[in-house]
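The sequence and the structure come before the details.

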Amino acid sequence: MTAHQIAGTSLVAVSVGAISATLNYQYSSDVTRFPIAANIAICSIFFSVAGARLNAAIGGKALSRITSVSLMSCIPLILYKFDPTIPPPGQGKNRSDMSDKIKKHIAEEQFFIDHTMEWYKQNWHFLTIGCVSGFLSGLIGIGGGVVMTAAMSLTDLSQHEAVATSLLCIGPTALVGSLAHYRLNHVVTPIAFILGISCALGMSISPHIALEIKDAHLKLAFCSLLAASSIRMFWLTWV
């Protein structure tokens, strides 16, 4: 497969998996921030098409290197607010042991409904995250969603909230980007079908595991995976 086909085909699988994971996160725990997700998704959808079109104009090796650098750049962003004291959110809605951080963010969702313009003044940076991550999602496939998660890690969201919220954004964004790639003949349909089913199954289980892992441990696991993927991808462009 070419780098363009990898980007397009992986985006199809990611869109299916993200929808599955979002449903499981929402069913299991209150860690998905809907106002943030909705605004990021709207911006991402528009810019993902532009990213997909630029993808067609870039050479395969250059595209792989851009993806590699993007993934590696996410690591310091994720670790910037490394806090080993944050407990795992656990499962179950409206539970008595819910952390104060998550309670605060749930209250802010009502603030969005009651004071929409004030919410935008305080949270405009999420729109910027949507534009950048949407563009990268269309350009390099799965990497755009990783950038979205990393950028949200710089805010006061916990890692679990960042992951769950980004997954809700990725679903519609990746679907739009997938259609753009499909029109450019960058989607290998049989492989996309197999990967989509595999992602849906795997990501229906992973949220339940992630909710029992400490915030710091989840960040370290995520960064380790990013580093390994980035190094391997960069290495393959030189051999």
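At what angle do the axes of helix α1 and helix α9 cross, and within what distance do they come? The axes of α1 (residues 3-28) and α9 (residues 189-210) cross at roughly 25° and come within 7 Å. α1 is therefore roughly parallel to α9, a label used for angles under 35 degrees, with over 145 counting as roughly antiparallel, 65 to 115 as roughly perpendicular and the rest as oblique.

The model is predicted, with local features requiring pLDDT of at least 70 and side-chain atom pairs pLDDT 80 or more, while totals for chains, interfaces and linings use all residues. Residues are numbered from 1 along each chain as its sequence is written, and side-chain values use heavy atoms, leaving out hydrogens and water. Helices are DSSP runs (H or I, at least four residues), numbered from the N terminus. Axes are lines fitted to C-alpha atoms over the stretch in contact, and angles run from 0 to 180 degrees between N-to-C directions.

**Helix pairs**

The crossing of α1 and α9 is right-handed, meaning that the near helix is turned clockwise from the far one by less than a right angle. On the α1 side, the residues in contact (heavy atoms within 4.5 Å) include Thr9, Val12, Ala13 and Val16. Their counterparts in α9 include Ile191, Ala192, Leu195 and Gly196. The residues of this contact comprise 14 nonpolar, 8 polar and no charged. Here Ala, Val, Leu, Ile, Met, Phe, Trp, Tyr, Cys and Pro count as nonpolar, Asp, Glu, Lys and Arg as charged, and the others, Gly among them, as polar.

A second pair is formed by α5 (residues 116-123) and α6 (residues 125-140), whose axes are 6 Å apart at an angle of about 65°. These two helices are therefore roughly perpendicular to each other. Tyr120, Gln122 and Asn123 in α5 meet His125, Phe126 and Leu127 in α6. The contact divides into 3 nonpolar, 3 polar and no charged residues.

**Individual residues**

The table lists relative accessible area, where buried means under 20%, exposed over 50% and partly exposed in between (1.4 Å probe, protein chains only).

| Residue | Relative accessible area and class |
|---|---|
| Threonine 9 | 1%, buried |
| Asparagine 39 | 7%, buried |
| Serine 64 | 17%, buried |
| Asparagine 185 | 63%, exposed |

Threonine 9 belongs to α1. A polar atom of the threonine 9 side chain lies 2.7 Å from the backbone oxygen of glutamine 5. Beyond neighbours within four places in sequence, threonine 9 is in contact with Met1, His186, Val187, Val188, Ile191, Ala192 and Leu195.

With sequence neighbours within four places left aside, valine 188 contacts Met1, Gln5 and Thr9. Although not a glycine, asparagine 185 has a positive phi of about 60°.

Asparagine 39 is part of α2 (residues 34-55). The backbone oxygen of proline 35 is 2.7 Å from a polar atom of the asparagine 39 side chain. Not counting residues up to four places away in sequence, asparagine 39 touches Phe112, Trp119, Tyr120 and Leu127.

Serine 64 lies in α3 (residues 60-79). Apart from neighbours within four places in sequence, Ala3, Met233 and Thr237 are in contact with serine 64.

Terms used. Polar contact = N/O pair within 3.5 Å; in protein donor to acceptor, adjacent residues only side chain to side chain.
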